[in-house]
Amino acid sequence: MKAQAFGSPIFVKRAAVVQEIADLEDAIDFLDEWPEDRRDLIHETAFKACFDAYDGNKPLSAARAAFYGFAKRAAILEDSTSAMQWIAACKTGSGKRSV
């Protein structure tokens with residue numbers, strides 16, 4: 001799949017992990033992995049918009065807007081400022097436990 005980058009990433013939080021959705025491939029993968037028992041019309045609409053953009057039938061901006069709407073409705077949308085601080089904190093950690 002050819003990655004088509006969004007103008008600005010969308011950050012989502014699932015199970016205490018913040019994930020960056022930077023392109024169409026990320027959005028499609030995320031929506032595909034979404035639990036079936038939590039899928040609804042908004043999920044279906046976002047999924048279709050992403051595939052339509054991938055096929056060239058919709059602009060990339062429409063897919064991004066649909067994914068953003070899905071994330072907001074699912075209450076997993078993370079503020080980009082908070083997400084960047086979280087990512088920076090993870091990168092600066094050594095992974096070693098202090099005693």
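Phe67 is buried, its relative accessible area being 0%, where buried denotes under 20% relative accessible area with a 1.4 Å probe and protein chains only. The model is predicted: local features require pLDDT of at least 70 and side-chain atom pairs pLDDT 80 or more, whereas totals for chains, interfaces and linings use all residues. Residues are numbered from 1 along each chain as its sequence is written, and side-chain values use heavy atoms, without hydrogens and water.

The chain comprises four helices and three strands in the order β-β-α-α-α-β-α; these elements are DSSP runs, numbered from the N terminus, of at least four residues for helices (H or I) and at least two for strands (E). Of its 99 residues, 29% are buried.

The largest nonpolar core contains 22 residues, and those with the most contacts inside it are Val12, Ile21, Phe30, Phe67, Phe70 and Ile76. Such a core is a set of buried Ala, Val, Leu, Ile, Met, Phe, Trp, Tyr and Cys residues joined through side-chain atoms within 4.5 Å. At least two core residues come from each of strand E1 (5-14), helix H1 (24-33), helix H2 (41-54) and helix H3 (60-73).

Five aromatic pairs are present, defined by ring centres within 6.5 Å (for Trp, the six-membered ring) and classed by plane angle as stacked under 30 degrees, edge-to-face over 60 and tilted otherwise. The rings of Phe30 and Phe67 are edge-to-face, because their centres lie 5.7 Å apart and their planes meet at 80°. This pair joins helix H1 to helix H3 across 37 residues. Phe67 and Phe70, with centres 5.8 Å apart and planes at 55°, form a tilted pair. Ring pairs connect Phe30, Trp34, Phe67 and Phe70 in a cluster.

Conventions. Buried means under 20% relative accessible area, exposed over 50%, partly exposed in between (1.4 Å probe, protein chains only).
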